[in-house]
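Subject: Handover of the two-chain model

Hello,

Here is the structure I promised to pass on. Please look it over before reading my notes.

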Amino acid sequence: MSELIVEAEGLTKRFGDRVAVDAIDVKIAQGEAFGFLGPNGAGKSSTMRMIGAVSPPSAGTLRVLGMDPVRQGVDVRARLGVVPQEDNLDRELTVEENLLIYGRYFGLSRRELRPRITELLEFAELTERRRDKTETLSGGMKRRLTIARALVNRPEIVLLDEPTTGLDPQARHILWDRLRRLKRRGASLILTTHYMDEAEQLCDRLVVMDEAKIVAEGSPADLIAAHASREVVELHVAEDELDLALLDGVADRIEVLPDRVLCYTGDGDGTAALLAERGLARAGIVARRASLEDVFLRLTGRTLVE
Amino acid sequence: MTPRTSSETSTRDRAAPLSAGFPAVRVLEARLLAARRTLRSAVTSALLNPLLYLLAMGLGIGAVADPSAAADLPGGSYLAFLAPGLLVASAMQLAASESLWPLMVGLEWNRTYHAVVATPLRPVDLVLGNLAFVLVRAALAGMLIALVIVVLGAAPIGGALAAVGVAVLVAGAFAAPIAAFTAKVRSHPAMTALMRFGIVPLFLFSGTFFPIENLPAPLQAVAPVSPLWHGAELARLAALGAPTAWHPGAHTGILVGLLVGGAVLAERPIRAVLCR
Ligand SMILES: Nc1ncnc2c1ncn2[C@@H]1O[C@H](COP(=O)(O)OP(=O)(O)O)[C@@H](O)[C@H]1O
Ligand SMILES: [Mg+2]
């Protein structure tokens, strides 16, 4: 493993009696795209804020870029780019001014910033909107601007807290494309998401978080291999209209959800055919590859997005 | 934009500008950049409000008031008495309004301060940068008021400028503690109440519009509780050479104490919100 940029051991965050992050161990290597996947309230943002050197850990040890984010917060933050979960662009300023001021916060000179801003506006596809106030931007544009802003100091690590939550599919794809470009250029990305497709698209490695704890760790493919079968056949039928006896032996494992049944199997076509034979074809049948959603369901007994 | 890997990071690029200078200045710079957009209306109101007050009250009330009574006032006329008081009262209002809602915008409503502390800047830089912004604004607004005062002949130019210095101090003496208050309460009703039951009464009863000797004795006794009263005393000394109730050093010390104490007090609740 190459140089570690984040090393956490027993990392814990408490807010009064509530434990938001419960003794997690994480190691992230330089150049990696690392994800925290988990539902709302799992403790993803709290973890990111500790790594971002704004929130002091309640217990455990944390090193970011080899430094202590509490004692050396200023030096740590100088080398990070942060895309927070909630937009906090300056609405009184234009697109361009937001980048300028943020660069100034890092102590960069206007002269240094001028070409960098031109480049960042292009990267974010906001060159035409450079003189507009940020409140006139769409959600996707705001998000791209926030990402551009996070890059103004040429960070070694980019922290992205739910980068595409609330965006429409097209805006998400544009954003994923930008993030993949960043990754190709060698940035270390640390991101949180509650979308399994996003985690699969962007992460080399991820941890699944649930109720303040890490419940699994690995690459998306490893996690699927370890915790789900290769394929899944979904039977779209309501729980109360289903005769469970009909499902006997159709798959390795069966998960009954309120609105559908998931059949985990190595052979999707075979299972689908079997279900049709048993007269279950009237209900919708969809065979698909297993995903991180299935991993999460397996590990926690709950679905990721409610 | 190309992100660097740590091996190619040059220390010049990231370390030098950070250690250099006074980081709060960057917060001031951001505030000034945003304020440029509303410069015209700020200048207009900074000129128009005192002009109206001075004309309506200074000349209007001055005309109906007993001229022999006015002659005993510091400055020898009601207009001359009013002008320095108005200068510091405006500074107080400006400081209060800058330290209430804009702070909430940063802390909660737009969360812009959360973006600031994700950079090398710290909560203390935010406190000091915002305070510096209020002082700069108070200085600029004060100059405009001083211009009106000089044109109306209410004070000599040197005196008016010296009184602007007092107004800047008054602005700081209010801005810092009110910032601490806002960060602590973070409640709209509490902020409105502070304005209504704190700032407005002070505006009226701190010896800015009329000498506190005209108030009933119990109210006179509590005048020293009002920072604005100390400011008004100092401003009349600066503008007109009028004698102060206390030693000028005492008035100044109280205002400086509020500024410094307020700034110290404000850092903690702001950090509590941003770095929890
Ligand atoms: N500032 C805070 N004060 C109190 N509780 C908090 C605070 N921030 C987060 N929490 C709580 O900590 C838990 C984890 O929250 P968070 O880290 O935001 O999760 P996620 O980002 O995965 O949705 C939640 O129960 C949340 O309510
Ligand atoms: Mg979150």
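My notes on the chains, their contact and a few local features follow.

This is a predicted model: local features need pLDDT of at least 70, side-chain atom pairs count only at pLDDT 80 or more, and totals for chains, interfaces and linings use all residues. Residues are numbered from 1 along each chain as its sequence is written, while chains are lettered from A and ligands numbered from 1 in the order in which they are written.

**The two chains**

Chain A holds 10 helices and 13 strands. Here helices (H or I, at least four residues) and strands (E, at least two) are DSSP runs, numbered from the N terminus. Its C-alpha trace spans about 70 × 45 × 35 Å along the principal axes. Chain A has 306 residues, and 50% of them count as buried. A residue is buried if 20 or more other C-beta atoms lie within 10 Å of its own, exposed if 12 or fewer, and partly exposed in between; C-beta atoms are placed from the backbone.

Chain B has 13 helices and zero strands. Its C-alpha trace spans about 80 × 35 × 30 Å along the principal axes. Of its 276 residues, 48% are buried.

Contacts within each chain were also counted. Two residues are in contact if their C-beta atoms, placed from the backbone, lie within 7 Å. In chain A, take the contacts with a separation of 6 or more: residues 24 or more positions apart account for 68% of them. In chain B, among contacts between residues at least 6 apart in sequence, 80% join residues at least 24 apart.

**Where the chains meet**

32 residues of chain B are in contact with 42 residues of chain A. On the chain B side, helices H1 (11-19), H2 (24-36) and H7 (112-116) each supply at least two residues. H2(B) gives the largest share, five residues. By class, this side of chain B has 16 nonpolar, eight polar and eight charged residues. Ala, Val, Leu, Ile, Met, Phe, Trp, Tyr, Cys and Pro count as nonpolar, Asp, Glu, Lys and Arg as charged, and the others, Gly among them, as polar.

**A helix pair in chain A**

Helix H5 (residues 139-150) and helix H6 (residues 169-184) of chain A pack at an angle of about 15 degrees, with their axes 9 Å apart. H5(A) and H6(A) are therefore roughly parallel to each other (angles under 35 degrees count as such). Gly139(A), Gly140(A), Arg143(A), Arg144(A) and Ile147(A) in H5(A) meet Ala171(A), Ile174(A), Leu175(A) and Arg178(A) in H6(A). These contact residues divide into four nonpolar, two polar and three charged.

Arg185(A) sits in the loop between H6 and strand E7 (188-193) of chain A. With 12 C-beta neighbours inside 10 Å, Arg185(A) counts as exposed. Arg185(A) and Leu99(A) are 86 residues apart in sequence and 21 Å apart in space, C-alpha to C-alpha.

**Two covered helices**

All eight of the eight residues of helix H1 (residues 44-51) of chain A are buried, so H1(A) is largely enclosed by the rest of the structure. Among them are Lys44(A), Arg49(A) and Ile51(A). Ala53(A) follows H1(A) and has a positive phi, near 60 degrees.

Helix H5 (residues 78-99) of chain B is mostly covered too, with 21 of its 22 residues buried. H5(B) reaches 32 Å from its first C-alpha to its last, close to the 32 Å expected at 1.5 Å a residue (1.5 Å times one less than its number of residues).

Best wishes

Note on methods:
Axes are lines fitted to C-alpha atoms, for helices over the stretch in contact, and angles run from 0 to 180 degrees between N-to-C directions. Angles under 35 degrees count as roughly parallel, over 145 as roughly antiparallel, 65 to 115 as roughly perpendicular and the rest as oblique.
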